[in-house]
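This report goes through a two-chain model, from the interface to individual side chains. Terms are given with their cut-offs where they come up.

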Amino acid sequence: MVGPSSSHTAGAVRLGALARGIAGGVVRSATVTLHGSFAATGRGHGTDVALVAGLLGYAPDDPRIPQSFAHAQHAGMQVTFAEADLGDVHPNTARIEVETTTGTSVLVQGSSVGAGDVEITLIDDFPVRLTGELPAIGVVHHDQPGVVAAVSARLAASDINIASMQVFRERRGARALMVIETDEPVGDEVATGIGALTGIITVRAVPAV
Amino acid sequence: MAYATYAGLAEAARIHGSLGAAALAREAEDSGLSPDALNARMGAELDVMESAISAGLAGTDRSRSGLTGGDAARVMAGPSVLGPGFRDALASAIAVGETNARMGRIVAAPTAGASGVVPAVLMAIGRLRGSSRAQTISALFAAGAVGAVIAARATLSGAAGGCQAEVGAASAMSAAAAAEMMGADPETCGHAAALALQGQMGLVCDPVGGLVELPCVMRNATGTAVAFAAIEMALAGVRFPIPLDEVIVAMGQVGRSLPPSLRETALGGLAATPTGRSLGRTACTPYGSPAPERDGDPNA
């Protein structure tokens, strides 16, 4: 890797890239709130630069990382930074509110937990745990019987093995979120197939980072 | 998943023949990649480690911040109190840290801030023992598996656990791996790691100006020295009475007890000294903008 701190640079690139993947498109604008050590020493470590690189879709060893601000400006991507106390979270935590060029917006909160490893802990209002080590899909759906079975059956039909699965709902019968980590990447065709199932609102394939 | 305890890793090592072989087998299982492919990948990491040492030793310029640079070459040319093996290892550790501070390519082992210890210790022992490239690669797998245990049971983040979780962890990883290169059994390797980690229990993370340079670069050298002390004791038969898994959990608990000012916030320790504050204010960041000024309460 290149960059002075694995948590503050490599991990920050991966957090940005996961936020981009979860938003599911090209990032038009983002508001990033830095907490704890990210806020205190992030600028010296290039955390801001690294997060923007991730939002641009760069990998942690991309040589363009130091110039990410210029590349973002060129791409018309607007990023604003703030600092705040986000409460009882890991000291290297960022809250990233992303809006894509297609108009979707999502709030992603995650932590850089050391040695470049990351954990997404919040997607919108849902508490999740996503490390980016495996490909994943995020499925927003209606809380009704059969949806979980239909999604897992569609994955099984494509020989995609589920490594972990988390399901959350706002409340009974309301909007719910499935986060599924898989051993094999979920291609466009499978994602589209899942999107066409009964009860599905949106599907995002989130690549490993 | 990687081994979650050192006891589990050591048990697998007895079956596979070494910590390195056990780590490789588990990695192959988890990734679906062949041992040959994984060895080739680790070989590429070893190449980066070697280049980082060479680049650091050759460089006499300061980092962009001006806080570090030239000390690796200085140590290499120094009088050497304990002999060339020890001197070369210290110089190598500093060299990797200086390469990192110059925004050169390094292997986070386990982290960028603590990237000097593992290459310094393993290369030094490799030279001493005349180890083959394959043996050094196996030692890197062993070091990685110990690091994964520390990540699972405690933390590898200076922001979460202080420098003991970074340089301390790197010392423990390299002590176990180097002891194995010296022919030690998994139990002895565990004692080497425990001895290294106990020697840095409570070490704080207090980077001047919030940059991974001062004291990080020098701490890679002192962490290397601790690793050698641990290896020497373990190979002589010293048994640390508290098992490595428990030492690791204790390190994590100590880390959580550290005030935030001593966990990579640049608000305490050396960063909060009058000179540290002054250096932090004038230092440029690796990306060219000035370092943020911090005037928080050092006892927060």
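Buried area is the accessible area (1.4 Å probe) that two parts lose on being put together, summed over both.

## Basis of the model

This is a predicted model, in which local features need pLDDT of at least 70 and side-chain atom pairs count only at pLDDT 80 or more, while totals for chains, interfaces and linings use all residues. Residues are numbered from 1 along each chain as its sequence is written, chains are lettered from A and ligands numbered from 1 in the order in which they are written, and side-chain values use heavy atoms, with hydrogens and water left out.

## Interface of chain A and chain B

The size of an interface is often given as the accessible area lost when the parts come together. Here chain A and chain B bury about 2100 Å² between them, and 59% of this is on carbon and sulfur atoms. On the side of chain A, the residues that lose the most area to chain B are Met1(A), Pro4(A) and Arg43(A), which together make up 26% of what that side buries. Counting contact as heavy atoms within 4.5 Å, 27 residues of chain A and 29 residues of chain B take part.

A polar contact is a pair of N or O atoms within 3.5 Å; within protein, one must be able to donate a hydrogen and the other to accept it, and residues adjacent in sequence count only if both atoms are side-chain atoms. Across the interface of chain A and chain B, 7 residue pairs are in polar contact, both residues being at pLDDT 80 or more. Helix H1 (6-23), helix H2 (36-45) and strand E4 (105-114) of chain A each give two or more residues to the side that touches chain B. Helices (H or I, at least four residues) and strands (E, at least two) are DSSP runs, numbered from the N terminus. H2(A) supplies the largest share of that side, 7 residues. By class, the side of chain A that touches chain B has 11 nonpolar, 14 polar and 2 charged residues. In this division Ala, Val, Leu, Ile, Met, Phe, Trp, Tyr, Cys and Pro are nonpolar, Asp, Glu, Lys and Arg are charged, and the others, Gly among them, are polar.

## Salt bridges

Side chains of opposite charge can pair when their charged atoms come close. The rule for a salt bridge is a side-chain nitrogen of Lys or Arg within 4 Å of a carboxyl oxygen of Asp or Glu. It gives 11 salt bridges over all chains, and 0 across the interface of chain A and chain B.

One of them joins Asp61(B) and Arg102(B), at 3.2 Å from N to O. Asp61(B) is in the loop between helix H3 (35-58) and helix H4 (71-76) of chain B, and Arg102(B) is in the loop between helix H5 (84-101) and helix H6 (117-129), so this pair ties together parts that are 41 residues apart in sequence. Asp61(B) has a relative accessible area of 43% and is partly exposed; buried means under 20%, exposed over 50%, and partly exposed in between (1.4 Å probe, protein chains only). Another salt bridge links Asp245(B) with Arg153(B), with the closest N and O atoms 3.8 Å apart. Asp245(B) lies in helix H12 (residues 244-257) and Arg153(B) in helix H7 (residues 133-153) of chain B, so the parts tied together are 92 residues apart in sequence. Asp245(B) is buried at 12% relative accessibility, whereas Arg153(B) is partly exposed at 32%.

## Cysteines

A disulfide is a pair of cysteine sulfur atoms within 2.5 Å. Over all chains, 0 disulfides are found. The cysteine sulfur closest to that of Cys205(B) is in Cys163(B), and at 6.1 Å it is too far for a bond. Cys216(B) is in no disulfide either, its nearest cysteine sulfur being that of Cys205(B), 6.2 Å away. Cys205(B) is buried at 10% relative accessible area, and Cys216(B) is buried at 15%.

## Two buried residues of chain B

Ser65(B) lies in the loop between H3 and H4 of chain B and is buried, with a relative accessible area of 11%. Its side chain makes polar contacts with the side chain of Ser63(B) at 3.0 Å and with the side chain of Glu213(B) at 2.8 Å.

Ala177(B), in helix H9 (residues 167-181) of chain B, is buried at 0% relative accessibility. Leaving out residues up to four places away in sequence, Ala177(B) touches Leu122(B), Ala139(B), Ala142(B) and Ala143(B).
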